[in-house]
Amino acid sequence: MRNILVIGGTGFLGTAVAHQLVRRCSSAKRNSKYAERATVGASLTLPTRRRERAKHLLVLPTAQVVEADVHDPSALARLMVGQDAVISLVGILKGGEGEPYGSGFARAHVDLPQKIAAAAKTAGVRRILHVSALKAAADAPSGYLRSKAAGEAALRDAGLDLTVFRPSVIFGQGDSFLTLFARLARIAPLFPLACADARFQPVWVADVAAVMVDSLLREESIGATYELCGPTQYRLRELVGYAAAVGGHPRPVIGLPPALAWLQAWAMEFIPNSPMTRDNIRSMRVDSVCDAGCRLAFGYNATALEVVAPTYLRG
Ligand SMILES: NC(=O)c1ccc[n+]([C@@H]2O[C@H](COP(=O)([O-])OP(=O)(O)OC[C@H]3O[C@@H](n4cnc5c(N)ncnc54)[C@H](OP(=O)(O)O)[C@@H]3O)[C@@H](O)[C@H]2O)c1
């Protein structure tokens, strides 16, 4: 596997995937937990809408960051030339309202995978890794989860060598989950929290990246869907309280009743970069947890949140 196109590779998870792909092709750095595994040997192409936002990836020796509109079929066709595999990572949390999903979700989660499948088929690129979300389903309560399911279906229908990954919430340096709560705790005296009892099973970004990179080397992963969870389930209120405390600002967490939570989310939709939408609330009606006894694929032991989170939340 030599040339890999990583669409959405400049974000939080994509950066971890890119680092592992590059690290695992470098025999000089075989001292990390994941470097022990088989190597991939990858030359990466990472399209972005704005190159300056991907500066952190310019240091990777075998990665090329290119400005491109991946929604444009002709740009996508050019990006596909000479690739051996595509990793599809584009995802958004705010895609608007509508049936079966808002127009933002339709564009990023459904139309784009369709275009990726079409361009890959035309270019003869068969191997596709696609990141969806845990509990994605056609009848899920949120547009986010329904659109993720439709994106998976579009890729499956294309008949390519597809592997789908469905993570619960992902934590790690640069996450927008625990880090956000730790930051908010600095300024807020308490947390009035929607869906405080929603359950999550957070998984470490490096573990997700490791499973994805390994799957490139494993034929048995073709056609498979992997759920990715950490070792422990938590209520949202526990995660918020934990992040605030580890960040040095312990705060009381107060669960909001459903009507108030809905009103809060609706009001927040008017704020740019708002941390909550009504669709997010609908997503949290389904617990984002794996089945009992679920282990990470390929024999990886999922890393505990308490081992990693203090290293980036403190201070
Ligand atoms: N983070 C989590 O907790 C979590 C949990 C479950 C599933 N996932 C899924 O994992 C994937 C990666 O998530 P992430 O946390 O790494 O996301 P992220 O940090 O927000 O990165 C998103 C990436 O997608 C690109 N992107 C965003 N919107 C786009 C658009 N409208 N058109 C084209 N490109 C766009 C961004 O590229 P540029 O800005 O450089 O153009 C960036 O590379 C997503 O599919 C997400 O749904 C994430």
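These are my notebook entries on a predicted model, looked up element by element.

The model has an open sheet of seven strands, ordered 3-2-1-4-5-6-11, and the pairing is parallel. I then asked which strands stand at the edges. They are strand 3 (63-67) and strand 11 (225-228). Each has a single partner strand, so one side of each is left without a neighbour in the sheet. From one strand to the next the twist averages 20 degrees.

I kept one general point beside this. Strands of a sheet pair through backbone hydrogen bonds, either parallel or antiparallel.

**Entry: strand 1 and its partners**

Strand 1 covers residues 3-7, and four of its five residues are buried. I noted it as mostly covered. I looked up its pairing on either hand. Strand 2 (residues 43-48) runs parallel to strand 1 and is joined to it by three bridges. Ile4 has Leu44 of strand 2 as its bridge partner. With strand 4 (residues 85-88), strand 1 makes four bridges, again in the parallel sense. Here Val6 stands opposite Ile87.

**Entry: strand 6 and strand 11**

Strand 6 (residues 161-167) and strand 11 run parallel, with four bridges between them. Which residue of strand 11 is the bridge partner of Arg166? I found Glu227.

**Entry: the ligand shell**

I listed the residues around the ligand and got 23. Gly8, Gly11, Thr48, Arg49 and Gly91 come nearest. By class, the shell has 14 nonpolar, seven polar and two charged residues. Which element gives the most to this shell? Helix 1 (residues 12-23) does, with three residues.

**Entry: helix 3 against helix 4**

I took the helix pair next. Two packed helices are described by the angle between their axes and the distance between the axes. For helix 3 (residues 103-123) and helix 4 (residues 143-157), the axes come within 8 Å and cross at roughly 5 degrees. Angles under 35 degrees count as roughly parallel. Helix 3 and helix 4 are therefore roughly parallel to each other.

I wrote down the residues that meet. On helix 3 they are Phe105, Ala106, His109, Val110, Pro113, Gln114 and Ala117. On helix 4 they are Gly143, Tyr144, Ser147, Lys148, Ala150, Gly151, Ala154 and Leu155. The contact has nine nonpolar, five polar and one charged residues.

**Entry: helix 7**

I asked how many residues of helix 7 (residues 236-246) are buried. Eight of the eleven are, so helix 7 is largely enclosed by the rest of the structure. The buried ones are Leu236, Leu239, Val240, Gly241, Tyr242, Ala243, Ala244 and Val246. They pack against helix 5 (178-187) and helix 10 (305-313). They also pack against strand 8 (191-193), strand 9 (199-200), strand 12 (234-235) and strand 13 (253-255). Just after helix 7 comes Gly248, with a positive phi of about 95 degrees.

**Entry: Val203**

I picked Val203, which is found in strand 10 (residues 203-204). Buried or exposed? A residue counts as buried if 20 or more other C-beta atoms lie within 10 Å of its own. Val203 has 26 of them within 10 Å, so Val203 is buried.

I then looked up its contacts, leaving aside neighbours within four places in sequence. They are Pro167, Ser168, Ile170, Val208, Leu228, Cys229, Gly230 and Ala302. I also checked Asp175, which is 28 residues from Val203 along the chain. Their C-alpha atoms are separated by 11 Å.

**Entry: backbone exceptions**

Most residues other than glycine have a negative phi, and most peptide bonds are trans. I noted these exceptions.

- The peptide bond from Glu99 to Pro100 is cis, with omega near -5 degrees. Pro100 is found in the loop between strand 4 and helix 3.
- Lys135 is not a glycine, yet has a positive phi of about 75 degrees. I placed Lys135 in the loop between strand 5 (127-131) and helix 4. Lys135 is buried, with 22 other C-beta atoms within 10 Å.
- Cys195 has a positive phi, near 50 degrees. Cys195 is found in the loop between strand 8 and strand 9. With 21 other C-beta atoms within 10 Å, Cys195 is buried.

Note on methods. Residues numbered from 1 in each chain as written. Predicted model: local features only at pLDDT ≥ 70, side-chain atom pairs only at ≥ 80, totals over all residues. Near = placed C-beta within 6 Å. Helix = DSSP H or I, 4+ residues; strand = E, 2+ residues; numbered from the N terminus. Nonpolar A, V, L, I, M, F, W, Y, C, P; charged D, E, K, R; others polar. Pairing = 2+ DSSP bridges. Axes fitted to C-alpha atoms, helices over the stretch in contact; angles between N-to-C directions. Buried ≥ 20, exposed ≤ 12 C-beta atoms within 10 Å, placed from the backbone. Contact = placed C-beta atoms within 7 Å. Parallel < 35°, antiparallel > 145°, perpendicular 65-115°, else oblique.
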